Amino acid sequence: MKVKVLMGNTAVAEAVRMADVDVVSAYPITPQTIIVERIADMVERGELKARYVRVESEHSALAVVYGASASGARVFTATSSHGLLYMYEMLWWVANSRLPIVMAVVTRAIGPPWNIHSDHQDALTVRDAGWIIGFASSVEEAFDMTLQAYRVGEDRRVLLPVMVSLDGFTLSHTSEPVRLPEESEVREWLPPREPLPFKLEPGSYFSVGNLGPDEVTMELRWYVWRAMERAKHVIREVSVDYARRFDRSTHSLVEEFKTGDARYLVVLAGAWSGDAMEAADMLRDEGYPVGVARLRYIRPFPAEELRELATSVRAVLVIDRAVSMGHMGVIAGDLVATTRGKVVVKNIIAGLGGVDMGPEDFKSIIKGFVEEYESGALDSWFYTEWYMPWVRGR
Amino acid sequence: MLRELLILSRGGQGGVTASRILASAAALEGRWAQAIPEFGAERRGAIVRSYLRLSDKRILRHSSVRRPEGVVVFSSRILELIDVDKVIPVDSTVLVNSSVRPRLGGRVVYSVDATGIALKLGLVIAGWPVVNTAMASAAARVFNIASLDSIVGALGEYFRGKLLEVNVEAAKIAWGEVA
C-alpha cells in the first residue's frame, strides 16, 4: 500500500476511479468543483472508462445519474450547498426509487450572505429524504467512505443512495497522506454492481415512478425505513471488512475516542472532530475525564451506540454545526430523542459559516461544560447556547 | 511533536502548491503532514495564506494555524502590505524571497532570491516569475522539513517532463543559496 499526499477532493475522485463507475454527471460549485474536474481528467486520459455528462444544473446532475442508475449503471455525482438544495426534489425521487447512487457533498454554508466555507447545514437539511449520510473527518476517510458507500448502498439488504460529506476547504482542499490500496485489491473488494432483475433499455418498456394508490406511497416509505434500519448493520459489517482488508481502524457508525472511562461525553461530526479530540486529550492531562464520540453516519442515526455511550456518563455535550431553527442543533435534537431524558444534555452551536474552531476553542467549551455540570448549574435536561467569542457576552 | 508553519504568498505565486510539495516531501520521509490553503475571495495578486503542519504521528486537528513557529514570505512586498506584528509572531523564524535580507524586529530572518532563480531559469508564466519550488526547497532546508532528495522526489508528483527538470534545478539552486 503506497502513501500519497492528496487533497480531499482528489482523494474522492481517486476512490471514484477505483470504484470503476460507469456514469458521472458534473455541475461545478465551489468547493466541490475539483472532484468533477479530476474525474474529467481521468475520463479524458482513459484511466476511467465512464460516460461523463456535463449538465446545466444540479437538478439535472442528479436526474442524469438517476436514470443511469435505474438502468443498472454504477454512478457518481458531487455537489455542495446551494447545489444540493437545488437537487432537493430529485433527492426524494432517488431515495424512493431505491437507487444506490453515491454523491459527494462538500459541505458549505448556505447564503445569504454568500459564503463558501464549511458548516453542516447543507447536508443535514436533507436528512429526511432517505439517503444514507456519512461524514468524513480526514482526507483518508473521505477516500475510504466513498468506496464503502458503493458496497453499502448496492447491498441487496439496503439499496439506498449514499451521501459522503466532507467539509469544504478543511478537507476538500487540505492535503494529507492517504494510504492508497492497490486498484486490483479494490476491484476484488468492490465487484461490479449486481445486475438488476429488470433493465431500462431501448426496446423494453415499463413504468418507473408512475401514479400509484396512496397505500403504495406509504409502503414505499416503509421499505425505505426498513432498508435504513438494515443499513446500520450493513455499515458495521462493511466498515469492519474494509478495515481488515485495507489495514484501517474499525470505526463503523461511531468513532469512540477515550470513551472507556469517560464521565463526560462530547458528540460531534466532521473534520473539526480531530480538534475536539485534541482538546479532550489536553483536558485529560488536567484531570477532566472527557471522551469524544464522532458520528461517522448521521443517517441512519447510530441510536444504539449513542444510547449506550450517553447513558454511561454524567452529562453529554453535543457540538453542532447546523441548526434546526426554533428547536436546537440538528445532532443534539436527535441525541436528546435517543436518550429520552436519561442524561443531561448541553448543546453548543458553533462554527457556522466556516468560523474557524481550533483545539483551544473546544477546550474552553468542554471545560466550561464540565465545570457548569459539577457546580450544579446544568440542572435541567438540555440547553442550547451559541459559541461566538467575538461577540461580547457570548 | 507538532510543528506549524504559515506561508504568505500572492494569488498566482503558487504558495498553496509550495505547501503541498513540502507536505509530500515530509510524507516521503514517513512523517505526517497537512497542507491547508485558506480560501476566501482571493484572486490573482491578493495575499494568500496557506498552512503547513508536520508531525511524527497522525495530525487530528484541521483548523487554521494561529501561532506559526515559522513563516515563509513569497515576496518582500507582502511585508509592506500586512501588519507584521499581528501576522508574524515575534519568536518565529522567517524566510523571505528577497535579494537582500530584510530586518523584522528581533526575528531570525533567512532569505533566498527565488525571483532571481526563476528569471534565470526562464520559469515565468503569464509574466510572473514562478517562485514556489525554489521557496519550498529553501523552506525545507531552513525549517528542517525534508531533505533535498525528498523535495526532488515530491516535485515528481506535481510536475512532468521539461517543467519538472527546470523546477528541480530551481529547487537545487535555492537549497544551496538560502542563507
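Modeller: A definition to start with: a residue is exposed over 50% relative accessible area, buried under 20%, and partly exposed in between. The structure above is a predicted model.

Biologist: Is A:Arg340 buried or exposed?

Modeller: A:Arg340 has a relative accessibility of 60%, so it counts as exposed. This arginine sits in the loop between helix H12 (330–339) and strand S14 (344–349) of chain A.

Biologist: Which phi does A:Asp20 have?

Modeller: A:Asp20, which is not a glycine, has a positive phi of about 55°. Its place is in the loop between helix H1 (8–18) and S2 of chain A. With 33% relative accessibility, A:Asp20 counts as partly exposed.

Biologist: What is the peptide bond from A:Arg299 to A:Pro300, cis or trans?

Modeller: The bond from A:Arg299 to A:Pro300 is cis, with omega near -5°. A:Pro300 is found in the loop between strand S12 (297–299) and helix H11 (303–310) of chain A.

Biologist: Next, helix packing. What describes two packed helices?

Modeller: They are described by the angle between their axes and the distance between the axes. Take H1(A) and helix H7 (residues 139–154) of chain A, which pack at about 25° with their axes 8 Å apart. Angles under 35 degrees count as roughly parallel, so H1(A) is roughly parallel to H7(A). The crossing of these two helices is right-handed.

Biologist: Which residues of H1(A) and H7(A) make the contact?

Modeller: From H1(A) come A:Gly8, A:Ala11, A:Val12, A:Glu14, A:Ala15, A:Val16 and A:Met18. H7(A) supplies A:Val139, A:Ala142, A:Phe143, A:Thr146 and A:Leu147. By class, the residues of this contact are nine nonpolar, two polar and one charged.

Biologist: At what angle do H10(A) and H13(A) cross?

Modeller: Helix H10 (residues 273–285) and helix H13 (residues 359–374) of chain A cross at roughly 60°, and their axes come within 8 Å. That angle makes H10(A) oblique to H13(A). The crossing is right-handed. Among the residues that meet are A:Asp275, A:Glu278 and A:Met282 in H10(A), with A:Glu360, A:Lys363 and A:Ile366 among those in H13(A). The contact of H10(A) with H13(A) has seven nonpolar, no polar and five charged residues.

Biologist: How do the axes of H5 and H7 in chain B lie?

Modeller: Helix H5 (residues 132–142) and helix H7 (residues 161–177) of chain B cross at roughly 40°, with axes that come within 8 Å. That makes H5(B) oblique to H7(B). Their crossing is right-handed. In H5(B), B:Thr133, B:Ala134, B:Ser137, B:Ala138, B:Ala140 and B:Arg141 take part. Their partners in H7(B) include B:Asn167, B:Ala170, B:Ala171 and B:Trp175. Seven nonpolar, four polar and one charged residues form this contact.

Biologist: What does B:Ser98 touch?

Modeller: Not counting residues up to four places away in sequence, B:Ser98 touches B:Ser76, B:Ser111, B:Val112 and B:Asp113.

Biologist: Where is A:Phe198, and what is it in contact with?

Modeller: A:Phe198 lies in the loop between helix H8 (183–189) and helix H9 (214–246) of chain A. At 41% relative accessibility, A:Phe198 counts as partly exposed. Leaving aside neighbours within four places in sequence, A:Phe198 is in contact with A:Ala70 and A:Phe206. A:Phe198 and A:Ser71 are 127 residues apart along the chain, and their C-alpha atoms are separated by 8.2 Å.

Methods
Residues are numbered from 1 along each chain as its sequence is written. Chains are lettered from A and ligands numbered from 1 in the order in which they are written. This is a predicted model: local features need pLDDT of at least 70, side-chain atom pairs count only at pLDDT 80 or more; totals for chains, interfaces and linings use all residues. Side-chain values use heavy atoms; hydrogens and water are left out. Axes are lines fitted to C-alpha atoms, for helices over the stretch in contact, and angles run from 0 to 180 degrees between N-to-C directions. Helices (H or I, at least four residues) and strands (E, at least two) are DSSP runs, numbered from the N terminus. Angles under 35 degrees count as roughly parallel, over 145 as roughly antiparallel, 65 to 115 as roughly perpendicular and the rest as oblique. A crossing is left-handed if the near helix is turned anticlockwise from the far one by less than a right angle, and right-handed if clockwise. Contact means heavy atoms within 4.5 Å. Ala, Val, Leu, Ile, Met, Phe, Trp, Tyr, Cys and Pro count as nonpolar, Asp, Glu, Lys and Arg as charged, and the others, Gly among them, as polar. Buried means under 20% relative accessible area, exposed over 50%, partly exposed in between (1.4 Å probe, protein chains only).
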